[in-house]
Amino acid sequence: MSGGGADEEGRTWSRHYRRPYTVTGGRTRPAHDALELETLVQTVTGIDERLAGLGREQRSIAALCREVVSVAEISARLDLLLGVTRVIVGDMALQGVVVLYRPQATVADADNQPVELLERVLHGLKNIS
Amino acid sequence: MRRSPSAEVGAASATQRTAAGGRSGIGRLVPRLPILGDLRLGRRLGWVIPVLIVLVTAIVGYNARAIAQQRGSALIVNTAARQRALVERYTKDVLLVVDGFQADPEESGEAVRQPVNVLLDGGSVRAPQGDGSRVEIPPARDWKVRRKLEQDRRLIDELIRTGDRLLDGGRAAPDYAAGVTRLRVLSAQLSSVSNDAAQEITQQTEASLSRLVRIEIALGLLSVLAALAVGLLLRRAGAEQAAQFRSLVNNSSDLITVLAPDGKITYQSPSVQRLLGRRAADLVGTALGDLVHPDDRHDVNTSLTRLVEAPGATANLGCRLQHQDGSWRHVESICTNLADDPRVNGLVLNIRDVTEQAALRKSIGDLLHNLARRSQGLVDRQLELIDELERSEVDPDRLDELFRMDHLATRMRRNVENLIVLSGVDQRRRWSESVPLRDVVEAAVAEVEDYSRVQVAGVHDLTLSGQAASDVAHLLAELVENATSFSSPTTRVEVSGGPTGNGYVLEIEDHGIGMSDAELAEANRRLAEPLAADIAVSRMMGFHVVGRLAARHGIRVQLRHCWFGGVAALVLLPAVLLGSAGEQPAMAPPVPAGVMVSPEPLLVAKATASGWQPRAHLPLRRHAAPAPNRGGDTDAAAGAGEPVE
């Protein structure tokens, strides 16, 4: 309850006071409808000069996605809500800052290649940790 | 000693009136109090003054009458004496004519009659001064005098009849010798009667004169007595009045202190014994500053120094003074500079004990603080819960609902924390680590109802002391809230920032209808003097909170007109609150506590070294268009951190 207690819990001021809804202006629905947890994201190469006009989360995502990263991973790495990450990534995809890759294996045809999917998940989990 | 609220109000308004009088605080106070005494004095003197007037009038009247009588009686005596001579002359005239000589007994006969007639019936006689004027003589009133005079008149009639007979008969008449004898006898009788009459008149006059003198002496004595009485009464009333005023000054709970311009006490009312347990005589010559609580000394000195420079000005002052026993008494003081009044020649302080009010205010503040702290704990837990729910929520609709709840709870937290600020209890959350300034601005935006209209543009990569972070966030939130609520819902509110010579300025601009000059001045006054809490607080609570928060951290806030019609709020964060975010890349994810902490506040010198040009004032800047067209000054800031949209 007290400030000291909050500190002991390791909560920083920013986590305490910044609220996630401001990042997207309150939007929760991605503008891009092909965004799943495992959708892969990659920043378009040579886009650096356009980053200046982007917001801080967008720039962090663009920096992170120089390699191909999944939406779930972005969320975990940047400590962003999944819902918020999807909205931002969707916007960036529409702006042409990032490109999206649908994974070869989706949940729908998981029956065909369950091992590969599980490996991907495992890989993703390792990345997060 | 508990005073009733109405007495309280009365006293307050009285002091206010005195303060409003301004130019002659105590000079006005002193003559005002004895007015009651004057009235009482007038009533008591009421009977003495008419008596005195009557006495004086009587003395003057009697004097006038005495002079007139004196003059009249001199005439009367003179007239009586002349009559004898006239009788002699008539007798001689008759005898001369009878003896064949030339004479006019007719005329001298008339002359003989005249004085008696005048004395008896009144009339005018020639004034004895011989200047030709005539003096009126009243008819004789005294019966003895009248009898003598009537006898006189009868004898004169007889004398003249005898004389006529002698004149008719001549020497040849048989009764000539008897007639002459009769004439002489009558003449002698007349002489004697006239003498008697003159003597009688003289006696009467003397008696009345001595009566006059006695009356005059009596009147004079009475006047002296009356004058003495008046003097005594005046003296007593004066003493009473002085005692009354002294007891007012002595027994009032208010202190009156006169300070020399150097802060030394030159006069101290004795009621200081009651308030501070000190003797007035001991305090004279000592500095007032010695009694003031060390924490308040600076403010008191500042106020008094400012007052010394403005003769005739009045200032309000609140501080703590030390009692003889070491405890502190809260006082409020109205200070008036009467240095140009030769009777006072110093600063007059009307000091009132408000320790009880201060205690009451503190207990209300504590109550408010406790309640707010509990609510704060609950809201914090609610927010933590919402955090958890949001973290695992994938469904956009449910996340939207959670966001609404989150927003409401965040606003509630802001209100609760503002209440803690208003409670005046200086016990805030201590966040040890520095916080990125951008996070603070974003936190502020999150606390505003209409947050989606707010655009944060170009806040530099700086950190803000963790101690001030929450307060600055709430301060900004109030200003942003004010901007959004006084502008059209279709317009944006922009928050931007820029370095200045002595800190960092955040600017909040709206595109609303703006404020009138008077409103703006009032808001700025409220921002500058957050301690002057009053009834209007609830109406302008936002500004009040802002003022309080700003005062806590030495932040300056000012509102001003925008050239395009809205209002711009400028918030100057002092350099001591700020630190540079160092080389932290703008795109790095939030780092754990401790990594970004600057051990000591980084001052502007550092910022300047990294390329900032100190500027006297931040011009209105528009950040609607992003970075490329920004001026050189902000490009140069890239070393310390570049503006982020």
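**Figure 1. The exposed and buried faces of helix α15 of chain B.** In this predicted model, the exposed residues D517(B), A518(B), A521(B) and R525(B) are carried on the face of α15(B) turned away from its buried side. The buried residues of this helix are A523(B), R526(B) and L527(B). Viewed down the axis of α15(B), the buried residues fall within an arc of 100 degrees, so they line one face of the helix. Helix α15 spans residues 517-528 of chain B and has twelve residues. From its first C-alpha to its last, α15(B) reaches 16 Å, close to the 16 Å expected at 1.5 Å a residue.

**Figure 2. Helix α13 of chain B, a mostly covered helix****.** Helix α13 comprises residues 437-446 of chain B, and ten of its ten residues are buried.

**Figure 3. Residue N482(B) in helix α14 of chain B****.** Helix α14 covers residues 466-485 of chain B, and N482(B) lies within this helix. N482(B) has 24 C-beta neighbours inside 10 Å and therefore counts as buried, the cut-off being 20 or more. D510(B) is 28 residues from N482(B) along the chain, and the C-alpha atoms of the two residues are separated by 9.1 Å.

**Figure 4. Residue G498(B) in strand β11 of chain B****.** The strand that holds G498(B) is formed by residues 493-500 of chain B. G498(B) counts as buried because 21 C-beta neighbours lie inside 10 Å. Between the C-alpha atoms of G498(B) and L572(B) the separation is 9.7 Å, although these residues are 74 positions apart along the chain. For chain B as a whole, residues 24 or more positions apart account for 67% of the contacts with a separation of 6 or more. Chain B has 18 helices and 15 strands, and buried residues make up 32% of its 645 residues.

**Figure 5. The crossing of helices α4 and α6 of chain A****.** Helix α4 consists of residues 56-64 of chain A, and helix α6 of residues 82-95. Their axes come within 10 Å and cross at roughly 75 degrees. The two helices, α4(A) and α6(A), are therefore roughly perpendicular to each other. On the side of α4(A), the contact is made by E57(A), Q58(A) and I61(A), and on the side of α6(A) by I88(A), V89(A) and M92(A). Classified by residue type, the contact of α4(A) with α6(A) has four nonpolar, one polar and one charged residues.

**Figure 6. Residue D79(A) in the loop between α5 and α6 of chain A****.** Phi of D79(A) is near 55 degrees, a positive value in a residue other than glycine. Most residues other than glycine have a negative phi. D79(A) counts as partly exposed because it has 13 C-beta neighbours inside 10 Å.

**Figure 7. The secondary structure of chain A****.** Chain A contains seven helices and three strands, which follow the pattern α-α-β-α-α-β-α-α-β-α along the sequence. Of the 129 residues in chain A, 37% are buried. Residues 24 or more positions apart account for 69% of the contacts in chain A with a separation of 6 or more.

Note on methods. Residues are numbered from 1 along each chain as its sequence is written. Chains are lettered from A and ligands numbered from 1 in the order in which they are written. This is a predicted model: local features need pLDDT of at least 70, side-chain atom pairs count only at pLDDT 80 or more; totals for chains, interfaces and linings use all residues. Axes are lines fitted to C-alpha atoms, for helices over the stretch in contact, and angles run from 0 to 180 degrees between N-to-C directions. Helices (H or I, at least four residues) and strands (E, at least two) are DSSP runs, numbered from the N terminus. Angles under 35 degrees count as roughly parallel, over 145 as roughly antiparallel, 65 to 115 as roughly perpendicular and the rest as oblique. Two residues are in contact if their C-beta atoms, placed from the backbone, lie within 7 Å. Ala, Val, Leu, Ile, Met, Phe, Trp, Tyr, Cys and Pro count as nonpolar, Asp, Glu, Lys and Arg as charged, and the others, Gly among them, as polar. The expected span of a helix is 1.5 Å times one less than its number of residues. A residue is buried if 20 or more other C-beta atoms lie within 10 Å of its own, exposed if 12 or fewer, and partly exposed in between; C-beta atoms are placed from the backbone. The arc is that of the directions from the helix axis to the C-beta atoms.
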